[in-house]
Amino acid sequence: MSKNNSIVKYVAGAFAWGVVTKFLDAAIKFLTIPLLLGYFGKEDYGLLTLAIATNAYMHLLDMGLNTGGVKFFSQWLASGNYNLVYRVARTNISFYLIIGLVNSIVLLLIATWGRGLFNVTHGEFVTFRYLLYILATFSIVNWITFVFNQLLIADERIAFTQQVASVRTLLGLAAVGATALFKWSLIQYFVTYVAVHASVIFPYIYLCKRRKLISSILPAFYWEDFTVVFKYGLAILAMAVFQFTATHSRPLILAMFSSEGVVILTEYRIIEVFPIFIISIGGMMLSIFLPKTSRAIQNNDRRTIERIAYEGTKYTSILVALLCFPIMLSARELLMLYVGVEYSYLSPWLFLWVFTLTLSLHNSPVSSLVLATGRTKMLVFSSACACITSVVINMMLTREYGVGSAVIGYLIYIIIQISFYYLYFNRKVLGLKSSKVFKSFIIPTCLGLVCFVAVYFIKIEIDLLILKIVVKTIIWGLFYLLLLLCFKVVEIKRNVQL
(Lines give C-alpha, C1' and ligand atoms only; values in the text may rest on other atoms or scores of the structure.)
Protein backbone atom coordinates (compact mmCIF):
# COMPACT_ATOMS: atom_id res chain seq x y z
CA MET A 1 0.00 0.00 0.00
CA SER A 2 2.83 2.35 0.88
CA LYS A 3 4.47 1.69 -2.47
CA ASN A 4 1.23 2.35 -4.32
CA ASN A 5 0.72 5.59 -2.42
CA SER A 6 4.25 6.61 -3.34
CA ILE A 7 3.59 5.99 -7.04
CA VAL A 8 0.31 7.90 -6.93
CA LYS A 9 2.01 10.79 -5.15
CA TYR A 10 4.81 10.85 -7.73
CA VAL A 11 2.47 10.77 -10.75
CA ALA A 12 0.05 13.30 -9.27
CA GLY A 13 2.85 15.68 -8.24
CA ALA A 14 4.66 15.48 -11.58
CA PHE A 15 1.47 15.94 -13.56
CA ALA A 16 0.18 18.79 -11.38
CA TRP A 17 3.42 20.75 -11.58
CA GLY A 18 3.65 20.02 -15.29
CA VAL A 19 0.17 21.43 -15.88
CA VAL A 20 0.96 24.50 -13.76
CA THR A 21 4.15 25.09 -15.74
CA LYS A 22 2.43 24.66 -19.10
CA PHE A 23 -0.43 26.97 -18.17
CA LEU A 24 1.99 29.56 -16.84
CA ASP A 25 4.15 29.35 -19.95
CA ALA A 26 1.12 29.57 -22.25
CA ALA A 27 -0.35 32.51 -20.32
CA ILE A 28 2.90 34.46 -20.41
CA LYS A 29 3.39 33.76 -24.12
CA PHE A 30 -0.18 34.91 -24.65
CA LEU A 31 0.76 38.21 -22.98
CA THR A 32 4.30 38.72 -24.27
CA ILE A 33 4.13 37.72 -27.95
CA PRO A 34 1.72 40.56 -28.84
CA LEU A 35 3.89 42.95 -26.82
CA LEU A 36 7.07 41.85 -28.58
CA LEU A 37 5.30 41.85 -31.94
CA GLY A 38 4.12 45.41 -31.41
CA TYR A 39 7.49 46.54 -30.04
CA PHE A 40 9.81 44.97 -32.63
CA GLY A 41 7.44 44.77 -35.62
CA LYS A 42 6.63 41.86 -37.93
CA GLU A 43 10.03 41.70 -39.63
CA ASP A 44 12.25 41.66 -36.55
CA TYR A 45 9.94 39.31 -34.68
CA GLY A 46 9.97 37.03 -37.72
CA LEU A 47 13.79 36.99 -37.54
CA LEU A 48 13.54 35.96 -33.89
CA THR A 49 11.32 33.03 -34.88
CA LEU A 50 13.64 32.06 -37.74
CA ALA A 51 16.73 32.03 -35.49
CA ILE A 52 15.04 29.78 -32.92
CA ALA A 53 13.73 27.45 -35.65
CA THR A 54 17.19 27.22 -37.24
CA ASN A 55 18.80 26.22 -33.96
CA ALA A 56 16.00 23.75 -33.16
CA TYR A 57 17.33 21.23 -35.67
CA MET A 58 20.45 20.67 -33.60
CA HIS A 59 18.27 19.27 -30.81
CA LEU A 60 17.54 16.14 -32.81
CA LEU A 61 20.11 14.20 -30.78
CA ASP A 62 18.35 15.08 -27.55
CA MET A 63 15.25 13.19 -28.68
CA GLY A 64 17.15 9.92 -28.68
CA LEU A 65 19.97 10.24 -26.17
CA ASN A 66 17.90 12.05 -23.58
CA THR A 67 15.42 9.16 -23.48
CA GLY A 68 18.25 6.66 -23.24
CA GLY A 69 19.89 8.57 -20.42
CA VAL A 70 16.71 8.67 -18.35
CA LYS A 71 16.02 4.97 -18.99
CA PHE A 72 19.43 3.68 -17.89
CA PHE A 73 20.02 6.16 -15.07
CA SER A 74 16.66 5.08 -13.62
CA GLN A 75 17.65 1.42 -13.73
CA TRP A 76 21.08 2.00 -12.22
CA LEU A 77 19.77 4.24 -9.44
CA ALA A 78 17.11 1.68 -8.56
CA SER A 79 19.76 -1.04 -8.29
CA GLY A 80 22.10 1.20 -6.28
CA ASN A 81 24.84 1.16 -8.94
CA TYR A 82 25.94 4.73 -8.27
CA ASN A 83 29.48 4.27 -9.56
CA LEU A 84 28.11 3.41 -12.99
CA VAL A 85 25.80 6.44 -12.81
CA TYR A 86 28.77 8.68 -11.98
CA ARG A 87 30.92 7.31 -14.82
CA VAL A 88 28.21 7.55 -17.48
CA ALA A 89 27.02 10.97 -16.29
CA ARG A 90 30.49 12.46 -16.59
CA THR A 91 30.99 10.80 -19.97
CA ASN A 92 27.59 12.18 -20.94
CA ILE A 93 28.95 15.64 -20.13
CA SER A 94 31.83 15.00 -22.52
CA PHE A 95 29.45 13.85 -25.22
CA TYR A 96 27.15 16.86 -24.88
CA LEU A 97 30.20 19.12 -24.79
CA ILE A 98 31.13 17.80 -28.23
CA ILE A 99 27.56 18.23 -29.48
CA GLY A 100 27.51 21.78 -28.14
CA LEU A 101 30.70 22.62 -30.01
CA VAL A 102 29.30 21.16 -33.22
CA ASN A 103 26.08 23.13 -32.68
CA SER A 104 28.07 26.35 -32.28
CA ILE A 105 30.16 25.70 -35.39
CA VAL A 106 27.07 25.01 -37.52
CA LEU A 107 25.40 28.22 -36.37
CA LEU A 108 28.56 30.21 -37.08
CA LEU A 109 28.79 28.70 -40.58
CA ILE A 110 25.17 29.64 -41.31
CA ALA A 111 25.79 33.13 -39.94
CA THR A 112 28.81 33.52 -42.24
CA TRP A 113 27.68 31.87 -45.49
CA GLY A 114 23.93 31.29 -45.11
CA ARG A 115 22.65 34.47 -46.78
CA GLY A 116 21.07 32.59 -49.69
CA LEU A 117 19.25 30.02 -47.56
CA PHE A 118 16.39 32.29 -46.51
CA ASN A 119 14.18 34.82 -48.23
CA VAL A 120 15.38 37.83 -46.23
CA THR A 121 16.89 41.18 -47.16
CA HIS A 122 20.55 42.05 -46.59
CA GLY A 123 19.69 44.22 -43.58
CA GLU A 124 17.52 41.50 -42.08
CA PHE A 125 20.28 38.92 -42.50
CA VAL A 126 22.76 41.17 -40.66
CA THR A 127 20.41 41.15 -37.64
CA PHE A 128 19.77 37.43 -38.08
CA ARG A 129 23.53 36.82 -38.04
CA TYR A 130 23.88 38.41 -34.61
CA LEU A 131 21.03 36.27 -33.28
CA LEU A 132 22.90 33.16 -34.44
CA TYR A 133 26.08 34.41 -32.76
CA ILE A 134 24.18 34.67 -29.47
CA LEU A 135 22.78 31.14 -29.81
CA ALA A 136 26.26 29.80 -30.62
CA THR A 137 27.69 31.44 -27.49
CA PHE A 138 25.25 29.69 -25.14
CA SER A 139 25.08 26.40 -27.06
CA ILE A 140 27.49 24.36 -24.92
CA VAL A 141 25.82 25.32 -21.62
CA ASN A 142 22.37 24.50 -23.02
CA TRP A 143 23.47 21.06 -24.17
CA ILE A 144 25.26 20.11 -20.95
CA THR A 145 22.09 21.03 -19.02
CA PHE A 146 20.46 17.92 -20.50
CA VAL A 147 22.78 15.68 -18.45
CA PHE A 148 21.55 17.07 -15.14
CA ASN A 149 17.96 17.08 -16.35
CA GLN A 150 18.23 13.36 -17.17
CA LEU A 151 19.61 12.59 -13.72
CA LEU A 152 16.84 14.49 -11.94
CA ILE A 153 14.07 12.85 -13.97
CA ALA A 154 15.63 9.43 -13.38
CA ASP A 155 15.63 10.27 -9.65
CA GLU A 156 11.89 11.07 -9.94
CA ARG A 157 12.44 14.80 -9.41
CA ILE A 158 10.24 15.81 -12.34
CA ALA A 159 8.29 18.16 -10.07
CA PHE A 160 11.51 20.06 -9.32
CA THR A 161 12.40 20.44 -13.00
CA GLN A 162 8.90 21.82 -13.62
CA GLN A 163 9.26 24.25 -10.73
CA VAL A 164 12.54 25.51 -12.21
CA ALA A 165 10.83 25.82 -15.59
CA SER A 166 8.13 27.97 -13.96
CA VAL A 167 10.75 30.31 -12.48
CA ARG A 168 12.48 30.47 -15.87
CA THR A 169 9.20 31.46 -17.50
CA LEU A 170 8.68 34.26 -14.97
CA LEU A 171 12.22 35.50 -15.61
CA GLY A 172 11.39 35.50 -19.32
CA LEU A 173 8.43 37.74 -18.57
CA ALA A 174 10.73 40.05 -16.62
CA ALA A 175 13.03 40.21 -19.66
CA VAL A 176 10.11 41.37 -21.84
CA GLY A 177 9.21 43.99 -19.23
CA ALA A 178 12.80 45.22 -19.09
CA THR A 179 12.89 45.40 -22.89
CA ALA A 180 9.86 47.69 -22.97
CA LEU A 181 10.99 49.73 -19.93
CA PHE A 182 14.58 50.35 -21.00
CA LYS A 183 13.92 50.38 -24.76
CA TRP A 184 16.22 47.47 -25.49
CA SER A 185 17.08 46.46 -29.01
CA LEU A 186 16.25 43.04 -30.47
CA ILE A 187 19.83 41.92 -29.80
CA GLN A 188 19.75 43.02 -26.16
CA TYR A 189 16.44 41.25 -25.58
CA PHE A 190 17.64 38.04 -27.25
CA VAL A 191 20.84 37.91 -25.17
CA THR A 192 18.74 38.15 -22.02
CA TYR A 193 16.21 35.60 -23.29
CA VAL A 194 18.87 33.00 -24.11
CA ALA A 195 20.76 33.67 -20.85
CA VAL A 196 17.59 33.09 -18.83
CA HIS A 197 17.03 29.74 -20.53
CA ALA A 198 20.66 28.72 -19.92
CA SER A 199 20.53 29.68 -16.22
CA VAL A 200 18.52 26.57 -15.25
CA ILE A 201 21.80 24.64 -15.19
CA PHE A 202 22.67 26.13 -11.78
CA PRO A 203 19.71 24.78 -9.75
CA TYR A 204 20.01 21.50 -11.66
CA ILE A 205 23.66 21.08 -10.66
CA TYR A 206 22.86 22.06 -7.07
CA LEU A 207 20.17 19.39 -6.62
CA CYS A 208 22.20 16.72 -8.44
CA LYS A 209 25.05 17.37 -6.04
CA ARG A 210 22.74 17.41 -3.04
CA ARG A 211 21.06 14.15 -4.11
CA LYS A 212 24.52 12.63 -4.80
CA LEU A 213 23.57 11.86 -8.38
CA ILE A 214 26.92 12.97 -9.74
CA SER A 215 30.41 12.88 -8.27
CA SER A 216 31.87 15.72 -10.35
CA ILE A 217 30.82 18.08 -13.13
CA LEU A 218 34.16 17.60 -14.88
CA PRO A 219 34.02 15.64 -18.17
CA ALA A 220 35.22 12.03 -18.22
CA PHE A 221 35.75 9.39 -20.89
CA TYR A 222 34.22 6.07 -19.82
CA TRP A 223 33.09 5.37 -23.36
CA GLU A 224 32.61 1.64 -22.84
CA ASP A 225 30.01 2.26 -20.11
CA PHE A 226 28.42 4.99 -22.19
CA THR A 227 27.97 2.75 -25.24
CA VAL A 228 24.77 1.13 -23.97
CA VAL A 229 23.09 4.53 -23.64
CA PHE A 230 24.42 5.66 -27.01
CA LYS A 231 23.14 2.61 -28.90
CA TYR A 232 19.70 2.87 -27.36
CA GLY A 233 19.59 6.58 -28.15
CA LEU A 234 20.44 5.93 -31.80
CA ALA A 235 17.53 3.50 -32.08
CA ILE A 236 15.12 6.16 -30.81
CA LEU A 237 16.82 8.86 -32.89
CA ALA A 238 16.23 6.98 -36.15
CA MET A 239 12.49 7.31 -35.58
CA ALA A 240 12.54 10.75 -33.96
CA VAL A 241 14.47 12.43 -36.77
CA PHE A 242 11.48 12.20 -39.10
CA GLN A 243 9.01 13.29 -36.43
CA PHE A 244 11.23 16.23 -35.55
CA THR A 245 11.68 17.20 -39.19
CA ALA A 246 7.95 17.13 -39.85
CA THR A 247 7.39 19.45 -36.89
CA HIS A 248 10.30 21.87 -37.05
CA SER A 249 10.77 22.15 -40.80
CA ARG A 250 7.49 24.02 -41.23
CA PRO A 251 8.72 27.55 -40.39
CA LEU A 252 11.91 26.95 -42.40
CA ILE A 253 9.92 25.84 -45.46
CA LEU A 254 7.66 28.86 -45.12
CA ALA A 255 10.72 31.12 -45.02
CA MET A 256 12.27 29.42 -48.07
CA PHE A 257 9.24 29.11 -50.37
CA SER A 258 6.92 31.95 -49.38
CA SER A 259 6.87 35.23 -51.31
CA GLU A 260 5.88 37.08 -48.13
CA GLY A 261 9.33 36.95 -46.51
CA VAL A 262 9.68 36.70 -42.74
CA VAL A 263 6.20 38.18 -42.19
CA ILE A 264 4.70 34.72 -42.78
CA LEU A 265 6.75 33.41 -39.84
CA THR A 266 5.04 35.92 -37.60
CA GLU A 267 1.67 34.49 -38.69
CA TYR A 268 2.96 31.00 -38.00
CA ARG A 269 4.22 31.99 -34.58
CA ILE A 270 0.86 33.56 -33.69
CA ILE A 271 -1.24 30.47 -34.39
CA GLU A 272 1.43 28.09 -33.07
CA VAL A 273 1.08 29.15 -29.43
CA PHE A 274 -2.23 27.39 -28.76
CA PRO A 275 -1.37 24.02 -30.40
CA ILE A 276 2.05 23.94 -28.72
CA PHE A 277 0.40 24.22 -25.32
CA ILE A 278 -1.95 21.32 -26.09
CA ILE A 279 0.90 19.19 -27.50
CA SER A 280 3.03 19.86 -24.42
CA ILE A 281 0.26 18.53 -22.15
CA GLY A 282 -0.11 15.40 -24.30
CA GLY A 283 3.64 14.82 -24.40
CA MET A 284 3.89 15.21 -20.63
CA MET A 285 1.30 12.48 -20.11
CA LEU A 286 3.25 10.15 -22.36
CA SER A 287 6.47 10.73 -20.41
CA ILE A 288 4.86 10.10 -17.03
CA PHE A 289 3.04 6.89 -17.95
CA LEU A 290 5.63 5.28 -20.23
CA PRO A 291 7.15 3.24 -17.35
CA LYS A 292 3.71 1.66 -16.71
CA THR A 293 3.40 0.49 -20.32
CA SER A 294 6.99 -0.78 -20.28
CA ARG A 295 6.26 -3.00 -17.28
CA ALA A 296 3.05 -4.30 -18.85
CA ILE A 297 4.83 -5.21 -22.09
CA GLN A 298 7.78 -6.79 -20.26
CA ASN A 299 5.46 -8.96 -18.13
CA ASN A 300 3.10 -9.65 -21.06
CA ASP A 301 0.25 -8.50 -18.83
CA ARG A 302 -2.59 -8.65 -21.36
CA ARG A 303 -5.19 -7.30 -18.95
CA THR A 304 -3.16 -4.17 -18.24
CA ILE A 305 -2.19 -3.73 -21.89
CA GLU A 306 -5.82 -3.83 -22.99
CA ARG A 307 -6.99 -1.49 -20.22
CA ILE A 308 -4.29 1.02 -21.14
CA ALA A 309 -5.23 0.77 -24.81
CA TYR A 310 -9.02 0.91 -24.50
CA GLU A 311 -9.72 2.74 -21.25
CA GLY A 312 -6.63 4.91 -21.63
CA THR A 313 -7.64 5.97 -25.14
CA LYS A 314 -11.15 6.86 -23.94
CA TYR A 315 -10.01 9.08 -21.08
CA THR A 316 -7.20 10.59 -23.13
CA SER A 317 -9.75 11.45 -25.84
CA ILE A 318 -11.93 13.17 -23.23
CA LEU A 319 -8.97 15.18 -21.93
CA VAL A 320 -7.96 16.13 -25.48
CA ALA A 321 -11.55 17.20 -26.22
CA LEU A 322 -11.53 19.40 -23.12
CA LEU A 323 -8.33 21.03 -24.34
CA CYS A 324 -9.15 21.34 -28.05
CA PHE A 325 -12.84 22.09 -28.54
CA PRO A 326 -12.95 25.30 -26.44
CA ILE A 327 -10.06 26.68 -28.51
CA MET A 328 -11.73 25.67 -31.79
CA LEU A 329 -15.00 27.20 -30.59
CA SER A 330 -13.40 30.58 -29.84
CA ALA A 331 -10.57 30.60 -32.39
CA ARG A 332 -11.49 33.99 -33.84
CA GLU A 333 -12.07 35.62 -30.45
CA LEU A 334 -8.81 34.22 -29.07
CA LEU A 335 -6.81 35.69 -31.96
CA MET A 336 -8.56 39.04 -31.62
CA LEU A 337 -7.82 39.09 -27.90
CA TYR A 338 -4.31 37.80 -28.46
CA VAL A 339 -2.92 39.97 -31.28
CA GLY A 340 -5.81 42.10 -32.53
CA VAL A 341 -8.61 41.96 -35.06
CA GLU A 342 -6.18 42.34 -37.98
CA TYR A 343 -5.03 38.74 -37.43
CA SER A 344 -8.50 37.20 -37.05
CA TYR A 345 -8.25 35.94 -40.64
CA LEU A 346 -5.92 33.22 -39.29
CA SER A 347 -8.74 31.62 -37.26
CA PRO A 348 -9.59 28.89 -39.86
CA TRP A 349 -5.98 27.68 -39.80
CA LEU A 350 -5.90 27.73 -36.00
CA PHE A 351 -9.14 25.72 -35.98
CA LEU A 352 -7.75 23.12 -38.41
CA TRP A 353 -4.47 22.80 -36.51
CA VAL A 354 -6.21 22.21 -33.18
CA PHE A 355 -8.65 19.78 -34.81
CA THR A 356 -5.64 17.83 -36.09
CA LEU A 357 -4.49 17.44 -32.49
CA THR A 358 -7.71 15.62 -31.59
CA LEU A 359 -6.68 13.02 -34.17
CA SER A 360 -3.10 12.67 -32.96
CA LEU A 361 -3.11 12.99 -29.16
CA HIS A 362 -5.85 10.44 -28.51
CA ASN A 363 -3.31 7.82 -29.61
CA SER A 364 -0.87 8.54 -26.75
CA PRO A 365 -1.65 5.38 -24.70
CA VAL A 366 -1.28 3.05 -27.69
CA SER A 367 1.82 4.94 -28.84
CA SER A 368 3.45 4.43 -25.44
CA LEU A 369 2.68 0.71 -25.65
CA VAL A 370 4.31 0.42 -29.07
CA LEU A 371 7.40 2.29 -27.87
CA ALA A 372 7.61 -0.05 -24.89
CA THR A 373 7.83 -3.08 -27.20
CA GLY A 374 11.08 -1.78 -28.69
CA ARG A 375 9.90 -2.70 -32.19
CA THR A 376 10.80 0.57 -33.85
CA LYS A 377 11.54 -0.55 -37.43
CA MET A 378 8.00 0.06 -38.72
CA LEU A 379 7.77 3.24 -36.63
CA VAL A 380 10.77 4.57 -38.54
CA PHE A 381 9.16 3.61 -41.87
CA SER A 382 5.78 5.17 -41.00
CA SER A 383 7.42 8.34 -39.69
CA ALA A 384 9.53 8.62 -42.85
CA CYS A 385 6.51 8.23 -45.15
CA ALA A 386 4.47 10.75 -43.19
CA CYS A 387 7.35 13.22 -42.91
CA ILE A 388 8.34 13.21 -46.59
CA THR A 389 4.72 13.52 -47.74
CA SER A 390 3.93 16.38 -45.37
CA VAL A 391 7.11 18.32 -46.25
CA VAL A 392 6.41 18.03 -50.00
CA ILE A 393 2.81 19.18 -49.51
CA ASN A 394 3.99 22.10 -47.40
CA MET A 395 6.41 23.15 -50.16
CA MET A 396 3.82 22.82 -52.92
CA LEU A 397 1.07 24.75 -51.15
CA THR A 398 3.09 27.55 -49.53
CA ARG A 399 2.58 30.15 -52.25
CA GLU A 400 -1.14 29.45 -52.57
CA TYR A 401 -2.16 28.98 -48.94
CA GLY A 402 0.62 30.78 -47.09
CA VAL A 403 0.83 29.75 -43.44
CA GLY A 404 -2.07 27.36 -44.04
CA SER A 405 0.22 25.08 -46.07
CA ALA A 406 2.08 24.19 -42.86
CA VAL A 407 -1.20 23.27 -41.15
CA ILE A 408 -2.38 21.18 -44.11
CA GLY A 409 0.99 19.41 -44.26
CA TYR A 410 0.77 18.59 -40.56
CA LEU A 411 -2.77 17.22 -40.98
CA ILE A 412 -1.54 14.87 -43.72
CA TYR A 413 1.37 13.80 -41.50
CA ILE A 414 -0.98 12.89 -38.64
CA ILE A 415 -3.44 11.05 -40.90
CA ILE A 416 -0.64 8.86 -42.29
CA GLN A 417 0.79 8.15 -38.84
CA ILE A 418 -2.57 7.28 -37.29
CA SER A 419 -3.40 5.05 -40.26
CA PHE A 420 -0.29 2.96 -39.59
CA TYR A 421 -1.38 2.49 -35.98
CA TYR A 422 -4.91 1.40 -36.82
CA LEU A 423 -3.95 -0.76 -39.79
CA TYR A 424 -0.73 -2.31 -38.45
CA PHE A 425 0.56 -1.56 -34.93
CA ASN A 426 -2.65 -2.20 -32.99
CA ARG A 427 -3.16 -5.69 -34.39
CA LYS A 428 0.26 -6.91 -35.53
CA VAL A 429 2.40 -5.53 -32.70
CA LEU A 430 0.04 -5.28 -29.72
CA GLY A 431 -2.65 -7.83 -30.56
CA LEU A 432 -5.43 -5.28 -30.04
CA LYS A 433 -8.73 -4.74 -31.82
CA SER A 434 -8.41 -1.51 -33.80
CA SER A 435 -12.20 -1.18 -33.93
CA LYS A 436 -12.33 -1.15 -30.14
CA VAL A 437 -9.54 1.43 -29.88
CA PHE A 438 -11.32 3.58 -32.48
CA LYS A 439 -14.60 3.28 -30.57
CA SER A 440 -12.83 4.49 -27.42
CA PHE A 441 -11.73 7.56 -29.39
CA ILE A 442 -14.68 8.36 -31.62
CA ILE A 443 -17.50 8.33 -29.05
CA PRO A 444 -16.16 11.01 -26.65
CA THR A 445 -14.80 13.01 -29.60
CA CYS A 446 -18.11 12.97 -31.48
CA LEU A 447 -19.96 14.04 -28.34
CA GLY A 448 -17.55 16.96 -28.07
CA LEU A 449 -18.26 17.79 -31.73
CA VAL A 450 -22.03 17.72 -31.14
CA CYS A 451 -21.61 20.18 -28.28
CA PHE A 452 -19.34 22.31 -30.47
CA VAL A 453 -21.95 22.56 -33.24
CA ALA A 454 -24.73 23.35 -30.76
CA VAL A 455 -22.80 26.15 -29.03
CA TYR A 456 -21.40 27.50 -32.32
CA PHE A 457 -24.89 28.33 -33.59
CA ILE A 458 -25.95 29.98 -30.33
CA LYS A 459 -25.66 33.73 -30.81
CA ILE A 460 -23.77 34.92 -27.75
CA GLU A 461 -23.54 38.69 -28.04
CA ILE A 462 -20.98 39.92 -25.50
CA ASP A 463 -18.71 42.86 -26.29
CA LEU A 464 -16.00 41.88 -23.80
CA LEU A 465 -14.02 39.22 -25.67
CA ILE A 466 -12.58 37.40 -22.68
CA LEU A 467 -16.04 37.13 -21.09
CA LYS A 468 -17.47 35.83 -24.36
CA ILE A 469 -14.76 33.15 -24.52
CA VAL A 470 -15.40 32.12 -20.91
CA VAL A 471 -19.18 31.93 -21.39
CA LYS A 472 -18.88 29.84 -24.57
CA THR A 473 -16.38 27.52 -22.89
CA ILE A 474 -18.59 27.01 -19.81
CA ILE A 475 -21.69 26.30 -21.91
CA TRP A 476 -19.77 23.82 -24.06
CA GLY A 477 -18.18 22.18 -21.00
CA LEU A 478 -21.46 21.71 -19.14
CA PHE A 479 -23.16 20.35 -22.26
CA TYR A 480 -20.23 17.98 -22.88
CA LEU A 481 -20.22 16.71 -19.29
CA LEU A 482 -23.98 16.11 -19.51
CA LEU A 483 -23.63 14.05 -22.70
CA LEU A 484 -20.73 12.03 -21.26
CA LEU A 485 -22.90 11.11 -18.29
CA CYS A 486 -26.07 10.50 -20.31
CA PHE A 487 -24.31 8.16 -22.73
CA LYS A 488 -22.43 6.55 -19.81
CA VAL A 489 -19.05 7.28 -21.36
CA VAL A 490 -17.91 8.14 -17.84
CA GLU A 491 -19.52 7.00 -14.62
CA ILE A 492 -19.00 9.04 -11.49
CA LYS A 493 -18.97 6.06 -9.14
CA ARG A 494 -16.57 4.03 -11.22
CA ASN A 495 -12.91 4.12 -10.31
CA VAL A 496 -10.73 3.30 -13.28
CA GLN A 497 -7.13 2.40 -12.50
CA LEU A 498 -4.77 2.07 -15.42
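What share of the 498 residues of the protein counts as buried? The share is 51%, where buried denotes under 20% relative accessible area, exposed over 50%, and partly exposed the range in between (1.4 Å probe, protein chains only). The model is predicted: local features need pLDDT of at least 70 and side-chain atom pairs count only at pLDDT 80 or more, while totals for chains, interfaces and linings use all residues. Residues are numbered from 1 along each chain as its sequence is written, and side-chain values use heavy atoms, with hydrogens and water left out.

**Overall fold**

The protein contains 17 helices and 0 strands, assigned as DSSP runs (helices: H or I, at least four residues; strands: E, at least two) and numbered from the N terminus. Its radius of gyration, 23 Å, is close to the 23 Å given by the globule rule for 498 residues, so the protein is as compact as a globular protein of that length. This radius is taken over C-alpha atoms, and the rule is 2.2 Å times the number of residues to the power 0.38. Along the principal axes, the C-alpha atoms fill a box of roughly 60 × 60 × 40 Å. Of the contacts with a separation of 6 or more, 85% join residues 24 or more positions apart, a contact being heavy atoms within 4.5 Å.

**Salt bridges**

The structure holds 9 salt bridges, each defined as a side-chain nitrogen of Lys or Arg within 4 Å of a carboxyl oxygen of Asp or Glu. Three of them are listed here.

| Pair | N to O distance |
|---|---|
| Arg157 and Asp155 | 3.4 Å |
| Lys314 and Glu311 | 3.6 Å |
| Lys472 and Glu333 | 3.3 Å |

Lys472 lies in helix H17 and Glu333 in helix H11 (residues 331-339), so this pair ties together parts 139 residues apart in sequence. Both Lys472 and Glu333 are buried. Lys314 and Glu311, in contrast, both belong to helix H10 (residues 302-329), 3 residues apart, about one turn of the helix. Lys314 is buried at 13% relative accessibility, as is Glu311 at 16%. Asp155 is buried at 13%, whereas Arg157 is partly exposed at 30%; these two residues and Arg211 are linked in a network of salt bridges.

**Nonpolar surface patch**

Leu337, Leu464, Ile466, Leu467, Val470, Ile474 and Leu478 make a nonpolar surface patch of about 630 Å². Such a patch consists of residues with over 30% relative accessible area and no salt bridge, nonpolar side chains (Val, Leu, Ile, Met, Phe, Trp, Tyr) being joined within 5 Å. Helix H17 (residues 465-486) gives the most to the patch, with 5 residues. Leu464 lies in the loop between helix H16 (434-456) and H17, and at 52% relative accessibility Leu464 counts as exposed.

Conventions: Patch = residues over 30% accessible without salt bridge, like charges linked within 9 Å, V, L, I, M, F, W, Y side chains within 5 Å. Areas by Shrake-Rupley, 256 points an atom, 1.4 Å probe, with all protein chains shown as cover.
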